[in-house]
Amino acid sequence: MTDPDPFDRPGTTPAPRRRRPAFAALRDEIDVPPLDQLAPTLDPPWHREETDTPDRKAVYRHPDGHSLGLRIQSRGFAIQTWISAGPGLPPLPDGGTATEQAEAQAARDARLQPGRTWHAVLNTRTSKALTTDLGALVRDRLLPALTKKPRGVPAPPPPDRIGQPDPTSTTEGTQK
């Protein structure tokens, strides 16, 4: 004997089928080399930890408690990176003038605070040299966040002719 169909009852209708989005053709994967080939080598005292998926994820640790991670996102379109600050911040000086204490506090506030994380993403579709670009991202954007928090993502430069009239729209030789 079979179980009764719950939709045979009067007044119930099955859920409508969901349509595939127009961008469904973009579901192809990008062929990204394994992360253990792309991941940068960091100078000591950073050391790389073993992960359960070394081809998709890499984690580095610092003796001060900082951690840095890299992960290839699904379908290979992006590599997510992050850095987390550990508790190894330099202590504020006990003595000194009020000005020295204020400068020390300002320097501490400018850092990534313990337990906080800074993220950056590398778009693999636009990168010509993944290994070089990933190393530059880690070196130039993530590691400096430990000493000075970035205030935002730098905007790309504007196009060359922004705000100027389009020369192709003028027609030569026409008179009114």
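## Salt bridges and a buried alanine

Asp140 is partly exposed, with a relative accessible area of 48%. Since this is a predicted model, everything below describes computed values. Asp140 has a partner: Arg139 makes a salt bridge with it, and their closest N and O atoms sit 3.4 Å apart.

How many salt bridges does the count come to? The answer is two. The other pair is Glu49 with Arg61, where the closest N and O atoms are 2.9 Å apart. This pair ties together distant parts of the chain: Glu49 belongs to strand S1 (residues 47-49) and Arg61 to strand S2, twelve residues apart. Are these two residues buried, or are they partly exposed? Glu49 comes out as partly exposed, at 30% relative accessibility, and Arg61 is partly exposed too, with 31%.

| Salt bridge | Closest N and O atoms |
|---|---|
| Glu49 and Arg61 | 2.9 Å |
| Arg139 and Asp140 | 3.4 Å |

Now let's stay with strand S2, which covers residues 57-61 and also holds Ala58. Is Ala58 buried or exposed? Ala58 is buried, because its relative accessible area is 0% and the cut-off for buried is under 20%.

So who are the neighbours of Ala58? Leaving aside residues up to four places away in sequence, Ala58 touches Leu35, Ala39, Arg48, Thr51, Leu68, Gly69 and Leu70. Take Gly69 from that list: Gly69 and Ala58 are eleven residues apart along the sequence, yet their C-alpha atoms lie 5.6 Å apart in space.

Time to zoom out to the whole chain. What does the chain contain in the way of helices and strands? You can find three helices and five strands. If you walk along the sequence, they come in the order α-β-β-β-β-α-β-α.

The chain has 176 residues, and 26% of them are buried; Ala58 is one of the buried residues.

One last number is about contacts. Take the contacts in the chain with a separation of 6 or more: residues 24 or more positions apart account for 49% of them.

Key:
Residues numbered from 1 in each chain as written. Predicted model: local features only at pLDDT ≥ 70, side-chain atom pairs only at ≥ 80, totals over all residues. Heavy atoms only, no water. Helix = DSSP H or I, 4+ residues; strand = E, 2+ residues; numbered from the N terminus. Buried < 20%, exposed > 50% of the residue type's maximum accessible area, 1.4 Å probe, protein only. Contact = heavy atoms within 4.5 Å. Salt bridge = Lys/Arg side-chain N within 4 Å of Asp/Glu carboxyl O.
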